[in-house]
Amino acid sequence: TENGSTSVLAGSTLGGGTRINWNASFKTPLHVRKEWAEKHGLTAFAGEEYDAAMEAVCERLAVQTGFAHGGACSALASGLQAAGMDCGDVPRNCLDRENCSGYCCFGCARGGKQDSVLTFLADACRTGNTKIITGACAESIILEKTKKRSDARLNGRSKQAVGVLVHVGPT
């Protein structure tokens, strides 16, 4: 803002948005999946395979409901109820049902937040076949002509992504 009354912290971290969030773990809404499938030809989002993938992700991230609201969320819930509106239960990717400091967006000092660092990236590292590279910037997507244009996964596209060219280090 012009007068400096609002500040915005910006940065990046290993784990991306799963590390810097409020633990809210909503599944992709059906109307969005339908739009992706119908308007953009991404039919995989409309099927049972995507449903199964979402369930697997939610299971690995320990997504559950029934948490106590912290200060800001309690105030919001009270305001909604006072206005006669429903306040639903937010599914969260957290093992710890106790409301702690309420600063989930900055990470979890207790390790209860199940982000990609503690789950998927840790799983990959345990295989011994994973190298995590930080400070990488995607420069371009590598495309190859498809072997079969009729492949249903590709929706008739003539090319498919097979890699990403990245720059590692200072820009």
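**View 1. Val 166 counts as partly exposed because its relative accessibility is 40%.** Partly exposed lies between buried, under 20% relative accessible area, and exposed, over 50% (1.4 Å probe, protein chains only). Val 166 is found in strand β4; strands are DSSP runs of E with at least two residues, numbered from the N terminus. The model is predicted: local features need pLDDT of at least 70, and side-chain atom pairs count only at pLDDT 80 or more. Residues are numbered from 1 along each chain as its sequence is written, and side-chain values use heavy atoms, without hydrogens and water.

**View 2. A nonpolar patch on the surface includes Val 166.** Patch residues have over 30% relative accessible area and no salt bridge, with nonpolar side chains joined within 5 Å. A salt bridge is a side-chain nitrogen of Lys or Arg within 4 Å of a carboxyl oxygen of Asp or Glu. Areas come from the Shrake-Rupley method with a 1.4 Å probe. β3 (136-145) and β4 (159-168) each supply at least two patch residues, and β4 gives the most, with three.

**View 3. Trp 36, Phe 45 and Tyr 50 form one aromatic cluster.** Rings pair if their centres lie within 6.5 Å; planes under 30 degrees apart are stacked, over 60 edge-to-face, and the rest tilted. The ring centres of Trp 36 and Phe 45 are 4.7 Å apart with planes at 65°, so this pair is edge-to-face. Phe 45 and Tyr 50, with centres 4.9 Å apart and planes at 65°, are also edge-to-face. Tyr 50 is buried, at 16% relative accessible area.

Notes
Patches are made of residues with over 30% relative accessible area and no salt bridge: like charges are joined within 9 Å, nonpolar side chains (Val, Leu, Ile, Met, Phe, Trp, Tyr) within 5 Å. Helices (H or I, at least four residues) and strands (E, at least two) are DSSP runs, numbered from the N terminus. Rings of Phe, Tyr and Trp (its six-membered ring) pair if their centres lie within 6.5 Å; planes under 30 degrees apart count as stacked, over 60 as edge-to-face and the rest as tilted.
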